[in-house]
Structure formats: structure tokens, C-alpha cells
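Try each task yourself before you read its solution.

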Amino acid sequence: MIEPVAIYYEHCETGWYVPQAKTKNRILLLMTNGSITYQVGNERYRLSKGDILYIPEGAVRSAINQASASHEMYVAHFRYYGTGEGLTILNEERAFQVKLFQYDYMKQRFSLLTQHWLRKQQYASTFCHSILLEMLAVVNEESSSGSKLDKAYSMIVQLQNYIAVNYRRTIPMAELAQVVERTPNYVSRLFKDSTGQTITEYTQQLRISAACDLLSNSQMNVGEVSDFLGFCEQSHFNKVFKKVTGFPPSVYMKEKIRRWND
């Protein structure tokens, strides 16, 4: 079981640093802007946008922003109790750095993970466990696969990246088929078999993840978010939002206001 300790999005100004210390938890970090240098044990990692770094529990680490600009990143501190879930990354006592092939997808997943952590709803721990496990599996796969991605996996990544860039509009199946030069039926079946989701379900998940981010971190109201994300009617947006999160956006907004007041 993965037990989250702290999950957050951080904007850090020039001069930011982490003093050398032994980690009390495992850490997963995704750079979304700028660059930093991380030292883990005897290894140095230069991180920039699209890099993800996994740090095992008990590692001695330090970090610094030596650039002349700020940086931004998602960070998850967590503990793990189990036998590895079949993932090398959870059993080895070394850090992993990966330049993500699926950056846009992982950014959306980290955003959704952060929202679940901040809301502290009834099943937040279950959602955080499943999302973190999926993200660790992606890191494990990409770190071990390198450039030797098989064709089916490569197609799925191409499709996910294309959807991540264009999810605010309805993407015809024929257009997705052209991305990987296959038939629409083949693409639909491959995506479902490989991810366990239909393309529609996957796109809705990305949209609602973005909606949670906008409702939390912008001044946009529910109607404006619905329009921005390409929903034809707010009632449809409300329905999809509840399907994905378990409650309507109005409840989410009330929780946001309560947090502000607190």
C-alpha cells in the first residue's frame, strides 16, 4: 500500500535550495518549468521540464536552483508498505531520473493526484494510492525501456500525447487514426486493450483533471471552466464531472471556498 505524506505543486524563486539531509519518505518529483540540480548520494541529476525523479527512502539528498529564473514542479512524498507490486523501482535503493515520453499525461495525473490529496474526501487515500502506483509504473517502464519501446506502446504514447494537447475539443476518431497511421477501429481497440479505458473515458478524465485545477487555482467559475474545456453545455460538464469525481462541481467550489476561509 502507498501512503501519501505530502503532495503539492510548488513555484520556487531563484535561490531555492534543499539542505543536505536523509529522506524520511520516498519522493516522486516532476519538473514542469525551469531547472534545478539534485544530488542524491553520489549521483547528480540536472532536472528540467519533462524530467521526473524518484528518490528512495533513506537517501541523502540536496537540491539547488542555480539558474537565474524560477522553477515549478509537482512533488509527492510517500511511504510504501508491500513487496514491490512487480515494479523494480519500489525494490531498488537507488534514484531514477527519466525524461518522460508521456510528459503531458503524467502532468495531468500529478494534477489529479494533488487535487485528491488536497480535498481529503472519503476515498482520497485509495485514489492517491492508485494514481501514484500508475505513475511509478510509467517511470519504471520508461526507465527500463529507454528507446526500445515496442510499436503498440509507442502508438499509445503518441495517442495520449496528442489527446493531452487537444483535449479541449472533440477529436474525431479518424483524426486519431491518422496520428498513428492505422484504422479507427484498430486505434479504438488498441487503446482500450492497452489502457483499460476508451478514448472518450480517457479524454474526459483529462478534462476533469484540468477542470479541478482551474476551479482551484483560477478565478474562473463553473460555467467559464465548462466553456474553456470545450463542453457544449454546462449540464453535460456537470454530469461528466460527477461521473469522474463522484460529486458535482458546485460541491467542489464550496469546498474550495471553505479552504480559503479556513
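**Exercise 1. The main core**

How many residues does the largest nonpolar core have, and which of them have the most contacts inside it?

Solution. Keep in mind that you're looking at a predicted model.

- Step 1: The largest nonpolar core has 33 residues. Inside it, I163, L229, F237 and F241 have the most contacts.
- Step 2: Now look for the helices behind it. At least two core residues come from each of α3 (151–166), α4 (173–180), α5 (184–195), α6 (199–217), α7 (222–228), α8 (234–245) and α9 (249–261).
- Step 3: Find the top contributor. That's α6, which gives nine residues to this core.

**Exercise 2. Zoom in on one residue**

- Step 4: Then go looking elsewhere: a second, separate core has 29 residues, and Y54, F78, V98 and L136 are among them.

**Exercise 3. Trace a sheet**

In what order do the four strands of the open sheet come, and is the pairing parallel or antiparallel?

Solution. 

- Step 1: Read across the sheet and you get β2-β7-β4-β5, with antiparallel pairing.
- Step 2: Check the edges. β2 (17–22) and β5 (43–48) each pair on one side only, which makes them the edge strands.
- Step 3: Going from one strand to the next, the twist averages 15 degrees.
- Step 4: Take β2 and β7 (residues 60–64) as a worked pair: they run antiparallel and are joined by four bridges. For A21, the bridge partner in β7 is R61.

**Exercise 4. The whole chain**

Why does the radius of gyration of the chain agree with that of a compact globule?

Solution. 

- Step 1: Compare the values. A compact globule of 262 residues would have a radius of gyration near 18 Å, and the chain has 19 Å, so the two agree.
- Step 2: Check burial. Of the 262 residues, 49% count as buried, taking buried as under 20% relative accessible area.
- Step 3: Look at the contacts with a separation of 6 or more: 72% of them are between residues 24 or more positions apart.
- Step 4: Tally the secondary structure, and you find nine helices and nine strands.

Key. Residues numbered from 1 in each chain as written. Predicted model: local features only at pLDDT ≥ 70, side-chain atom pairs only at ≥ 80, totals over all residues. Heavy atoms only, no water. Pairing = 2+ DSSP bridges. Axes fitted to C-alpha atoms, helices over the stretch in contact; angles between N-to-C directions. Core = buried A, V, L, I, M, F, W, Y, C linked by side-chain atoms within 4.5 Å. Buried < 20%, exposed > 50% of the residue type's maximum accessible area, 1.4 Å probe, protein only. Rg over C-alpha atoms; globule rule 2.2 N^0.38 Å. Contact = heavy atoms within 4.5 Å.
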